[in-house]
Amino acid sequence: MSGNDAVARGLYEAGCRLVSSYPGTPSTEITESAATYDEIKAEWAPNEKVAMEVAFGASLAGGRSFCGMKHVGLNVAADPLFTLSYTGVNGGMVICVADDPGMHSSQNEQDSRHYARAAKVPMLEPSDSAEALAFTKEAYEISEKFDTPVILRMCTRVSHSRSIVETADRVEKQLVNYEKRPEKYIMMPGYAKRRHPIVEERTRALVAYAETSPLNRWEKGDGKLGVVTSGTSYQYVREALGDSVSILKLGMVHPLPEKLILDFAASVEKLAVVEELDGVIEAHLRSLGLSPIGKDTFSLIGELSANTVAAALGGSVPAHRDLDEALPMRPPVMCAGCPHRGLFYTLAKKKITVMGDIGCYTLGAQPPLSAMDATICMGASVSSLHGFNKIRGEESEGKTVAVIGDSTFMHSGMTGLVNVAYNATNSTVIILDNSITGMTGHQDNPTTGRNLKGEPAAKVDLEALCHALGIARVRVVDPYDLATCDTAITEELAVAEPSVIISRRPCVLLKSVKAKPAVRVNPDKCRACRACMKLGCPAISMKDGRAVIDSTLCTGCTVCTQLCRFDAFEQGEA
Amino acid sequence: MVETKSIMIVGVGGQGSLLSSKLLGRLLLDEGYDVKVSEVHGMSQRGGSVVTYVRFGDKVASPIVDLGGADMVVSFEPLEAARYCAYMKEGAIAVTNTQKVDPMPVITGAAVYPEDPLGMLEKKGMKVDAIDALALAREAGSVRAVNLVLLGRMSRYFDFSLDAWMRAIDACVPPKFIEINRLAFMLGRGE
């Protein structure tokens, strides 16, 4: 079972009653998997802050609760996190954050361990699926025993690796009694000041727990080299250095033990810390007066591997043979038939400045479309467009837009749009409504009319919502219709008021979307002008001086037929 | 003590490599090995280069395969097979489909698809076993069965019984596609 499935199984076995999350690679499947258990109320929240607050409410009501997110999601949810550290919990509460060293599918590679230290909450870090399951259950015990939310830190290689686990039955937990306790749960200054010392005392108790907890495991070797490590790095150390190395494997990465580490250090001749990203464990060792091999040798950037560990610490590194010449790269691309393509083609053609956002459509930044100027975080397109237009005024208002997906708009685009209306720029925001959360693998959201369990749900009316937020001009276009897209963008950029264009067409990968017959190229009409190549459609390529269409990829969207001046593209027959 | 073996399944996002790794994982688990299968989801699904690692043995530590570590590469596309040359052990084998898929830089004219990517691998001392898996998948009844054709081909290099492979197919494939997938596997295996 994958690490993510194992966390979900751990939630089930631990008697967790509620899961509220926002999807984000590599964390998404935890919540999808949790939703397959009838005993767990599992929901997609509009964003991670909402998810964490829902989980807090469930904990306050006395049930075991959970919220999951990717590393950057914890930035969004950081506000409740820091104060939940003060209030503590009623029913056990576990927060999972999945880091993405190497940025396989992320905009940065921040190290979430800093949050545990900053918010003063314990953090567990499993190194495979079996531990993901076991640590999830243990996290609830710690949460309830020490009255604190507990963070479970995953990473891509643990979340998306499958390894063997042993499952057990679910143990139902009685709801913890709810009683009104303003001194614990109302965090205004008078009460919060009395909670902070409790937090510090709790950390001291957790350090004592860390000294003897089976989460932190001392695996004895020959005493020459000792490595302090955790998570997936542990696997690389084992792989690279075999059984001779002594390992202190930290299952709890915050707070860290002191005596255990000093005893371990004293037992070996040479000491090293192997950890991905920042030197968090190393800094602790240095605070204890130790001088391990650490970030002086290992990179702060990207993933480690067995070879990098072997090379640094005296293991054997296998030989490898590089090719003599570089190969063409194969970057990810928008799918054939992707509804975003027509819109981005129009933006590129009109040389519009585009404030981008997080989703599949970020691929619009890639050549040949290259129709994006900035991408920062969820919702930043709308707010940064406003700031850009405030500075440059009419000059930019007439040629700059924001693009944001339906799910991202629900997540944190709405507040930016309120700001556009309230602080008055003539900004044009394009909502790319493909009726699903696409990039993370098709999750429903408040605009789709379905919930995580696949049941019918309240559906946000985007047009009415934008009106309510203060935008009078809202129009809908079909991104497969290039002429209409062009007109809409021209007109909305020209008007002296803020506006929203909803580019609406469901994701072509949705099961409910049926492909139309593939478009064909008439080779007698094709003049090889390469106009169609500007679409960046993976179904179109040039062979023997003529455009050809891969009929196994083409979905019959017909966007290419609209831009060929020689009518070389012919619609297929059903 | 069985030494850990490493297989990489590589291809283009959307070609169906996830089913291959799932099925292989099932088979190896049933055969009593410790198994780790590692994938990357998300952005790389969208037509990009994708790689899945399968490692098995008595006790497997790292879930990923590093440079010079792969005993076998199973590839859905020739350029992708060549891309992972540096990850192969000396003299390792690449079982690959011959059907080419142009990457976007080739489509836009920014790069050229190499003339003989498999020859580049052979030049580095790697063995190449190339088959037209798409044609065999068509013969089996579905162009989507390329993955099973390739698994059939790679099965020739392992001692696992045909029964064991069939049980893994039955366990991983929806009932209505079992016949097509079994046939595709057999065509790839060459029996």
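**Close-up 1. B:Val173 sits in the loop between helix H7 (162-172) and H8 of chain B.** Helices (H or I, at least four residues) and strands (E, at least two) are DSSP runs, numbered from the N terminus. This is a predicted model, in which local features need pLDDT of at least 70 and side-chain atom pairs count only at pLDDT 80 or more, while totals for chains, interfaces and linings use all residues. Residues are numbered from 1 along each chain as its sequence is written, chains are lettered from A and ligands numbered from 1 in the order in which they are written, and side-chain values use heavy atoms, with hydrogens and water left out. B:Val173 has a relative accessibility of 6% and so counts as buried (under 20% relative accessible area; exposed is over 50% and partly exposed in between, with a 1.4 Å probe and protein chains only). Setting aside neighbours within four places in sequence, B:Val173 is in contact with B:Leu19, B:Ile178 and B:Asn181 (contact means heavy atoms within 4.5 Å). Look for B:Leu19 here: 154 residues separate B:Leu19 from B:Val173 in sequence, yet their C-alpha atoms are 8.2 Å apart in space.

**Close-up 2. Helix H1 (residues 17-30) of chain B packs with helix H6 (residues 146-155) of chain B.** The angle between them is about 40°, and their axes are 9 Å apart (axes are lines fitted to C-alpha atoms, for helices over the stretch in contact, and angles run from 0 to 180 degrees between N-to-C directions). H1(B) and H6(B) are therefore oblique to each other (angles under 35 degrees count as roughly parallel, over 145 as roughly antiparallel, 65 to 115 as roughly perpendicular and the rest as oblique). On the H1(B) side the contact is made by B:Leu19, B:Ser20, B:Leu23 and B:Leu24, and on the H6(B) side by B:Asn147, B:Leu148, B:Leu151 and B:Met154. The residues of this contact divide into 6 nonpolar, 2 polar and no charged (Ala, Val, Leu, Ile, Met, Phe, Trp, Tyr, Cys and Pro count as nonpolar, Asp, Glu, Lys and Arg as charged, and the others, Gly among them, as polar).

**Close-up 3. H6(B) also packs with helix H8 (residues 178-189) of chain B.** Here the angle is about 45° and the axes are 6 Å apart, which makes H6(B) oblique to H8(B). From H6(B), B:Leu148, B:Val149, B:Leu151, B:Gly152, B:Arg153 and B:Ser155 meet B:Asn181, B:Ala184, B:Phe185, B:Gly188 and B:Arg189 in H8(B). This contact divides into 5 nonpolar, 4 polar and 2 charged residues.

**Close-up 4. B:Asp34 lies in strand S2 (residues 34-38) of chain B.** With 13% relative accessibility, B:Asp34 counts as buried. The side chain of B:Asp34 reaches the backbone nitrogen of B:Val60 at 2.7 Å. Not counting residues up to four places away in sequence, B:Asp34 touches A:Ile164 as well as B:Arg55, B:Phe56, B:Gly57, B:Asp58, B:Lys59 and B:Val60.

**Close-up 5. Chain A has a cis peptide bond from A:Pro367 to A:Pro368.** Most residues other than glycine have a negative phi, and most peptide bonds are trans. For this bond, omega is near 5°, and A:Pro368 lies in the loop between strand S13 (353-355) and helix H16 (380-392) of chain A. A:Ser370 is placed in the loop between S13 and H16 and has a positive phi of about 45°, although it is not a glycine. A:Ser370 is partly exposed, with a relative accessible area of 42%.

Definitions and conventions. A polar contact is a pair of N or O atoms within 3.5 Å; within protein, one must be able to donate a hydrogen and the other to accept it, and residues adjacent in sequence count only if both atoms are side-chain atoms.
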